[in-house]
Amino acid sequence: MLVTLGLLTSFFSFLYVVAPSIRKFFAGGVCRTNVQLPGKVVVITGANTGIGKETARELASRGARVYIACRDVLKGESAASEIRVDTKNSQVLVRKLDLSDTKSIRAFAEAFLAEEKQLHILINNAGVMMCPYSKTADGFETHLGVNHLGTGVTTYAVHPGVVRSELVRHSSLLCLLWRLFSPFVKTAREGAQTSLHCALAEGLEPLSGKYFSDCKRTWVSPRARNNKTAERLWNVSCELLGIRWE
């Protein structure tokens, strides 16, 4: 028993010693463009924490006017204040947006259109995972309502990798595992790189609608490339939301 315990202790000690090298290996791609964004308007959902917050910080540092669209306005204001100080950019704004309520989504859109003439970059970052069973204000199951129907259609789909964030907050087991293995997973800043790449890199227009991971286009299963399935999903989603596209 003592021998086993000693071996386990040695093994985990070794892992933590080499953790920086392991995390560097799994950190993935880096957004390398130097594009600046003065005069550009950005909306990022769920940017009060995690990947969204780091994305907002980077885009604000490049001179963009950044709207943090989130459900918890107080947390949003705290994040915005921190980003304004860090980037010396006063144009980091917070607006209420609850993706579990289509009334809130429409109100946000109407208010934004009243404020701005253009939207240059939209990053649909907000999402939920492993929530206890519940329904949105419109009666949809929470994951479907927030992650799909509430978020809508994005230009690019991105996978940030395994990132240390608040997304696992509804699972005590995952929270424990995240703490235990935190030296080996991506930071929020590292997780934001693919979103930044798709938002900033030049020449990606022909790849609209493609799937990206670690700052490069990646493989998608045949089912995800099925046009008939995609059309059916689009039509069902519009029907659920009561939307008609001419």
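Student: Before I count rings, what makes two of them a pair here?
Tutor: Rings of Phe, Tyr and Trp pair if their centres lie within 6.5 Å. Keep in mind that this is a predicted model.

Student: Fine. How many aromatic pairs does the structure hold?
Tutor: It holds 2. One joins Tyr67 and Phe112, with 5.3 Å centre to centre and 80 degrees between the planes. That pair is edge-to-face.

Student: Which elements do Tyr67 and Phe112 sit in?
Tutor: Tyr67 is in strand β2, and Phe112 is in helix α4, residues 102-115. The pair therefore ties together parts that are 45 residues apart in sequence.

Student: Is Tyr67 buried or exposed?
Tutor: Buried, at a relative accessible area of 2%. Phe112 also counts as buried, at 9% relative accessibility.

Student: And how are the rings of Phe108 and Phe112 arranged?
Tutor: Their centres are 6.3 Å apart and their planes are at 25 degrees, so this pair is stacked. The cut-off for stacked is under 30 degrees. Both residues lie in helix α4, 4 residues apart, or about one turn of the helix. Phe108 is buried too.

Student: Which residues end up in the ring cluster?
Tutor: Tyr67, Phe108 and Phe112, linked by ring pairs.

Student: Switching to the core. Which residues touch the most other members of the largest one?
Tutor: Val42, Ile44, Ala56, Leu59, Val66, Ile68 and Leu200. That core has 22 residues.

Student: Which elements give two or more residues to it?
Tutor: The strands are β1 (41-45), β2 (65-70), β3 (92-96) and β4 (121-123). The helices are α2 (50-61), α3 (73-87) and α8 (193-200). The largest share, 4 residues, comes from α2.

Student: What lies apart from that core?
Tutor: Another core, of 12 residues. Val41, Tyr67, Leu99 and Cys131 are among them.

Student: Now the outside. Which residues form the nonpolar patch on the surface with Leu240?
Tutor: Leu144 and Val236. Together the three have about 230 Å² of accessible area.

Student: Where does Leu240 lie?
Tutor: In helix α9, residues 227-241.

Notes: Residues are numbered from 1 along each chain as its sequence is written. This is a predicted model: local features need pLDDT of at least 70, side-chain atom pairs count only at pLDDT 80 or more; totals for chains, interfaces and linings use all residues. Side-chain values use heavy atoms; hydrogens and water are left out. Patches are made of residues with over 30% relative accessible area and no salt bridge: like charges are joined within 9 Å, nonpolar side chains (Val, Leu, Ile, Met, Phe, Trp, Tyr) within 5 Å. Accessible areas come from the Shrake-Rupley method with a 1.4 Å probe; for residues, only the protein chains shown count as cover. A salt bridge is a side-chain nitrogen of Lys or Arg within 4 Å of a carboxyl oxygen of Asp or Glu. A nonpolar core is a set of buried Ala, Val, Leu, Ile, Met, Phe, Trp, Tyr and Cys residues joined through side-chain atoms within 4.5 Å. Buried means under 20% relative accessible area, exposed over 50%, partly exposed in between (1.4 Å probe, protein chains only). Rings of Phe, Tyr and Trp (its six-membered ring) pair if their centres lie within 6.5 Å; planes under 30 degrees apart count as stacked, over 60 as edge-to-face and the rest as tilted.
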